[in-house]
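Please read this briefing with the sequence and the model side by side, and find each residue as it is mentioned. The points are grouped by topic.

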Amino acid sequence: MKYQVLQIRKDRRTEEAALNARVLGEVDPVFFLTAYEIVCEIEAADLNEVFEVGNIGPEEKITRIAPMHSVSVGDIIRDDRGRCFVVSPVGFTRLGEKEAA
């Protein structure tokens, strides 16, 4: 399955919402719509594999679309059904929910 990885645009570094996303894994849906962009697609079986491939490869499973950093807390992973998951400090949280998936 192909997953899209979305990361905060570079011009959003100093905002409180960006800090909360990167440190706490808390992403407000409105902030997501205004501050994130697709940086790559990753071929993987599940969210855990997306995280692994986004950090250690293999590179051939990644289709880069824009400059990106390794997959980390605050990034969004979108599955082929359009569901969005925030990379949390532990696990993943569906965008707009509080509990880890």
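**Aromatic pairs**

By the ring-centre rule, the count of aromatic pairs in this structure comes to 2. The rings of Phe31 and Tyr36 have their centres 5.9 Å apart and their planes at 85 degrees, so this pair is edge-to-face. Phe32 and Tyr36 form a pair that is tilted, with 5.4 Å from centre to centre and 50 degrees between the planes. Please keep in mind that the model is predicted.

- Phe31, Phe32 and Tyr36 together form one aromatic cluster.
- Phe31 has 6% relative accessibility and therefore counts as buried, since the cut-off for that word is under 20%.
- Tyr36, at 5% relative accessibility, likewise counts as buried, and Phe32 is buried too.

**The sheet**

- An open sheet of 6 strands is present, and its strands follow the order E3-E2-E1-E4-E5-E6 with antiparallel pairing.
- The edge strands are E3 and E6 (92-94), each of which pairs on one side only.
- Neighbouring strands of this sheet are turned against each other by 30 degrees on average, if direction is ignored.
- Strands of a sheet pair through backbone hydrogen bonds, and they may do so in a parallel or an antiparallel way.
- E1 and E2 run antiparallel and are joined by 7 bridges; within this pairing, the bridge partner of Val5 is Cys40 in E2.
- E1 and E4 also run antiparallel, with 3 bridges joining them, and here Gln4 has Arg78 in E4 as its bridge partner.
- E2 and E3 are antiparallel as well and are joined by 3 bridges, where Ile42 has Ile62 in E3 as its bridge partner.
- Helix H3 packs on the sheet, touching E1, E2, E3, E4 (76-78), E5 and E6, and its direction makes about 100 degrees with that of E2.

**The nonpolar cores**

- The largest nonpolar core has 17 residues, and those with the most contacts inside it are Val5, Cys40, Ile42, Val50 and Ile77.
- Strand E1 (2-8), strand E2 (36-43), helix H3 (47-56) and strand E5 (84-87) are the elements that give two or more residues to this core.
- Apart from this core lies another one, of 13 residues, among them Ile8, Ala18, Phe31 and Cys84.
- Strand E1 is mostly covered, with 6 of its 7 residues buried.
- Which residues does Ile42 contact, leaving aside its neighbours within four places in sequence? They are Met1, Lys2, Tyr3, Val5, Val50, Val53, Gly54, Lys61 and Ile62.

**Loops on either side of H3**

- Asp46 is found in the loop between E2 and H3, and its side chain reaches the backbone nitrogen of Glu49 at 2.9 Å.
- Is Asp46 buried or partly exposed? Asp46 has 36% relative accessibility, so it counts as partly exposed.
- Asp46 and Phe32 are 14 residues apart in sequence, while from C-alpha to C-alpha they are 22 Å apart in space.
- Pro58 has its place in the loop between H3 and strand E3 (62-64), and the peptide bond that leads from Gly57 to Pro58 is cis, with omega near 15 degrees.

Technical notes
Residues numbered from 1 in each chain as written. Predicted model: local features only at pLDDT ≥ 70, side-chain atom pairs only at ≥ 80, totals over all residues. Heavy atoms only, no water. Core = buried A, V, L, I, M, F, W, Y, C linked by side-chain atoms within 4.5 Å. Buried < 20%, exposed > 50% of the residue type's maximum accessible area, 1.4 Å probe, protein only. Helix = DSSP H or I, 4+ residues; strand = E, 2+ residues; numbered from the N terminus. Contact = heavy atoms within 4.5 Å. Phe/Tyr/Trp six-rings, centres within 6.5 Å; stacked < 30°, edge-to-face > 60°. Pairing = 2+ DSSP bridges. Axes fitted to C-alpha atoms, helices over the stretch in contact; angles between N-to-C directions. Polar contact = N/O pair within 3.5 Å; in protein donor to acceptor, adjacent residues only side chain to side chain.
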